[in-house]
Amino acid sequence: AVATGVTGESVEIIHTVDEAAVREALVNAYKRGAQSVAVCLLHSYTYAEHEQLVGSIAKSVGFAHVSLSSDLMPRVRAVPRGHTACVDAYLTPPIRTYIQNFAKGFDDITNTQVQFMQSDGGLTPVDGFHGFRAVLSGPAGGAVGIARCCYDRLETKMPVIGFDMGGTSTDVSRYDGDFEHVFETEIAGVSIQAPQIDISTVAAGGGSRLFYRSGLLVVGPESAGAHPGPACYRKGGPPAVTDANAVLGRILPAHFPKIFGPQCDEALDVEASRATLRNLADTVGISVEE
């Protein structure tokens, strides 16, 4: 049989879906505890009927969530499309659980407009929020905030650089009146096809620990976390990037609330940062500032 795909191409159907075999495989996976499934067939970007059939079988078996690559990002390249479906199948269920718990914190939000940030910097209603579009939603929010707060659209129109440092990563973006987007990116070795603000991420943040290993000063990937946090948090934490910034005067304790220490009522402790960095510096044989 020959069908016409959504791209206008003619598709010759050589084999139909073996529904019994598909159902058996899905039932076995479900019995092993799988609750979410990703479906990606080679030519579903133009002819999605077979993929939709597999998806309907998965739902009838009992899978709580089914991600079809043809629904998410119907593009030619099957491998990144498959990766995208897998990412969505992995992330969307816990996101939905989070949203349900979020809603329970209110008496009734049925008639309230609730929207979530996506990786492309846009907002979407709760029902349209998918895991594969949420991978960089946090950094995207920072980029949007920088654009709104720092860019002078009326007079200078000078491009701005966003520097968004978190606990274990730092996100850098640029805004010149329009957001720069990419439609495919690789995160942790996985290709994801989704519109995203073009953000460069460095795997080092304020909580990234500092080490001396094999003759080199190393940053991360281990994190000091929120507890105990960097040494300047007054909880006996290890040296971290935040401590280095405090010693170098880039972080001013007077500009931060007194929420540190065991009772959460003290200021940042620059001397604690200096002391823990001195131990590291003595090992290397350099000064604390170096």
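Which residues in the largest nonpolar core touch the most other members? They are Val 22, Leu 26, Val 37, Ala 58, Phe 63 and Val 66, in a core of 13 residues. The model discussed here is predicted.

- In soluble globular proteins, nonpolar side chains tend to be buried together.
- Two or more residues of this core come from each of the elements α1 (19–31), β3 (36–39), α2 (49–61) and β4 (65–68).
- Helix α2 supplies the largest share, with 4 residues.
- Ala 58 is in contact with Leu 26, Val 37, Phe 63 and Val 66, when its neighbours within four places in sequence are left aside.

**A buried serine**

- Ser 69 lies in helix α3, which covers residues 69–72.
- The relative accessibility of Ser 69 is 1%, so this residue counts as buried.
- Leaving aside neighbours within four places in sequence, the contacts of Ser 69 include Val 39, Cys 40, Leu 41, Glu 51 and Arg 81.

**Cysteines and disulfides**

- A disulfide is a covalent bond between the sulfur atoms of two cysteines.
- The search of the whole structure finds 0 disulfides.
- Cys 40 is in no disulfide, and the nearest cysteine sulfur, that of Cys 86, is 7.9 Å away; the cut-off for a disulfide is within 2.5 Å.
- Cys 40 is partly exposed, with a relative accessible area of 30%.
- Cys 264 is likewise in no disulfide, and its nearest cysteine sulfur, in Cys 232, is 14 Å away.
- Cys 264 has a relative accessibility of 43% and therefore counts as partly exposed.

How values were computed:
Residues are numbered from 1 along each chain as its sequence is written. This is a predicted model: local features need pLDDT of at least 70, side-chain atom pairs count only at pLDDT 80 or more; totals for chains, interfaces and linings use all residues. Side-chain values use heavy atoms; hydrogens and water are left out. Buried means under 20% relative accessible area, exposed over 50%, partly exposed in between (1.4 Å probe, protein chains only). A nonpolar core is a set of buried Ala, Val, Leu, Ile, Met, Phe, Trp, Tyr and Cys residues joined through side-chain atoms within 4.5 Å. Contact means heavy atoms within 4.5 Å.
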